[in-house]
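Hi everyone, thanks for coming. I'd like to walk you through one model this morning, so please have a look at the screen and then we'll go around it together.

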Amino acid sequence: MTSTAGSTDSALGARPWTSLAILTGVFILANIDRNILAILLDDIRKEFVLADWQLGLLSGFAFSLLYGFGGLFVSFLADRGDRAKIITLSLAVWSVMTSLCGMAGSFVQLVLARAGVGLGESGCSPPAHSLIADLFPAQKRALALGVYAAGASVGLTTSYLLGGWMAEAYGWRTAFISIGLIGLPLALLMHFTVKDHFRTGQALVKPDFNLFGKAFGGIASHVWGTPTLRHLFLGASLAAGVSAATIMFVPAFLIRVHGLSPSQTGLALGLLSGLIGSSGIVVGGWLTDKLSKRDPRWSLWVPALGKLIALPGLALFFLLPQTGWALAAYALPSFVGGMWLGPTYAVVQNQVPQVGRAMAAALLLLTYNLLGFGLGPLIVGALSDLAKHLTGADGLSLALLCLAPFSMWAAIHYFIAAKTYQGAAAEH
């Protein structure tokens with residue numbers, strides 16, 4: 001079914017912004033469940049006696065591997081079935097697995113539970129991106145997807161605040177169990193409130209692996225054969241690597257290097273990542289929609305400029321010894337660092353056929369989860385261990401400082417992608 005701006009409300013039987021608000025709420029919880037690990041890492045390290053590379057594995061590939069590959073299969077169903085039902089089922093699965101993280105008796109069990117969280121969350125964003133793209137016309141998608149993407153910062157903030165407080169008051173295990181249980185009533189709310197009226201009468205379709213192969217091959221060929229998308233995927237992967245490494249290791253950095261408690265760390269990063277970070281993501285989407293009316297290439301220039309502007313603040317944050325000044329410097333990368341999210345999602349949705357939107361979103365998530373969220377924390381953890389071995393001191397500051405060149409590298413790919421971008425393709 002082809003959606004148009006004029007038919008959206010009648011097709012839904014509800015306002016698009018209402019559905020967007022609920023989907024964003026689900027995405028907020030997804031980011032709480034995946035990111036609460038960050039504020040708990042140091043306690044987990046002490047209990048299981050882990051090296052930083054193991055923390056990088058736990059926060060990176062343990063989640064992102066199944067999250068990325070699972071998203072491909074879920075997106076295949078989402079392009080052909082009821083997307084609201086898929087998101088509801090996925091929410092229930094990852095909520096249970098988050099609670100199981102708190103029951104892990106060993107590092108291996110915790111890795112497996114984290115993998116389960118990743119598998120469950122793979123059913124969130126690809127169908128949500130596709131549904132939002134149907135809810136909103138092309139000229140409003142960057143803002144709508146920017147609002148949705150801002151749920152990442154809100155969820156991250158909440159994970160820092162709740163995780164820091166619960167870790168001190170009740171321990172890291174209780175934090176996992178409690179946060180996981182919140183998802184079950186939210187799954188019921190999602191079931192009774194959000195309906196995929198674009199797919200009326202369609203249920204979850206049975207998997208057809210031959211058809212899946214053709215669908216995946218078609219979208220992968222389209223992405224690789226389109227210079228804008230090819231460089232966009234590479235830029236997004238590098239940007240995601242920087243984001244993942246900072247999300248997972250900055251709390252440990254503040255605790256180890258600046259001597260903050262988990263609750264102090266959660267409060268500081270909650271304000272920076274939540275209030276400032278989520279505002280930056282929404283502003284990035286709004287600014288992109290405004291500027292791209294003059295020149296569609298602003299959809300890629302905004303993310304590129306955001307990554308470049310973040311560099312001075314990022315470097316100062318890891319170098320300044322005074323905690324107050326370091327946190328003040330971190331406000332700049334917190335605001336502009338996530339501006340790539342909304343425009344990136346919108347460009348991908350604008351450049352693929354309607355029937356392949358969920359698959360394209362899943363392919364993007366697979367790419368930047370494997371290359372970015374998978375490798376980013378692992379590389380930083382390994383560099384931290386190496387620096388400690390060579391110098392005898394904690395090497396986390398030096399390892400995190402190495403993220404600055406990756407941010408610049410991401411900006412270069414966005415600038416290259418902009419050269420061939422001509423705006424949204426006609427609705428299919």
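Which residues touch the most other members of the largest nonpolar core? They are Leu-40, Ile-44, Phe-317 and Tyr-368, in a core of 121 residues. Before going on, a word on the ground rules. This is a predicted model, where local features need pLDDT of at least 70 and side-chain atom pairs count only at pLDDT 80 or more, while totals for chains, interfaces and linings use all residues. Residues are numbered from 1 along each chain as its sequence is written, and side-chain values use heavy atoms, with hydrogens and water left out.

By a nonpolar core I mean a set of buried Ala, Val, Leu, Ile, Met, Phe, Trp, Tyr and Cys residues joined through side-chain atoms within 4.5 Å. Buried is under 20% relative accessible area, exposed is over 50%, and partly exposed is in between, with a 1.4 Å probe and protein chains only. Helices here are DSSP runs of H or I with at least four residues, numbered from the N terminus.

Setting aside neighbours within four places in sequence, Tyr-368 is in contact (heavy atoms within 4.5 Å) with Ala-236, Ser-237, Ala-240, Trp-340, Tyr-345 and Phe-373. Ser-237 lies in H11 and is buried, at a relative accessible area of 4%. With the neighbours within four places again left aside, the contacts of Ser-237 are Thr-367, Tyr-368, Leu-371 and Gly-372.

Now for the helix pairs. Two packed helices are described by the angle between their axes and the distance between the axes. The axes are lines fitted to C-alpha atoms, for helices over the stretch in contact, and the angles run from 0 to 180 degrees between N-to-C directions.

The crossing of H2 past H11 is right-handed. For handedness, left-handed is when the near helix is turned anticlockwise from the far one by less than a right angle, and right-handed is when it is turned clockwise. On the H2 side of the contact we find Arg-34, Asn-35, Leu-37, Ala-38, Ile-39, Leu-41, Asp-42 and Arg-45, and they meet Ile-247, Met-248, Pro-251, Ile-255 and Arg-256 in H11. By class, that is 8 nonpolar, 1 polar and 4 charged residues. Ala, Val, Leu, Ile, Met, Phe, Trp, Tyr, Cys and Pro count as nonpolar, Asp, Glu, Lys and Arg as charged, and the others, Gly among them, as polar.

How do H13 and H14 cross, left-handed or right-handed? H13 passes H14 in a left-handed crossing. The axes of H13 (residues 298-319) and H14 (residues 323-336) come within 8 Å and cross at roughly 160°, and the two helices are therefore roughly antiparallel to each other. The contact includes Gly-306, Ala-310, Gly-313 and Phe-317 of H13, and Ala-326, Tyr-330, Pro-333 and Val-336 of H14. Its residues divide into 12 nonpolar, 2 polar and no charged.

The last pair is H7, residues 125-135, with H8, residues 141-169; their axes come within 10 Å and cross at roughly 145°. This crossing is right-handed. Further along the list is Ser-159, which also lies in H8. Ser-159 is buried, with a relative accessible area of 0%, and beyond four places in sequence its contacts are Ile-32, Asn-35, Ile-36, Ile-39 and Gly-164.

In H3, 6 of the 8 residues are buried, so it is largely enclosed by the rest of the structure. Those buried residues pack against H2, H4 (61-78), H6 (107-121), H11 and H16 (357-391). Val-49 is in the loop between H2 (16-48) and H3 (52-59), and it is exposed, at 69%. Most residues other than glycine have a negative phi. Val-49, though not a glycine, has a positive phi of about 55°. Thanks, and over to you!

Note on methods: Angles under 35 degrees count as roughly parallel, over 145 as roughly antiparallel, 65 to 115 as roughly perpendicular and the rest as oblique.
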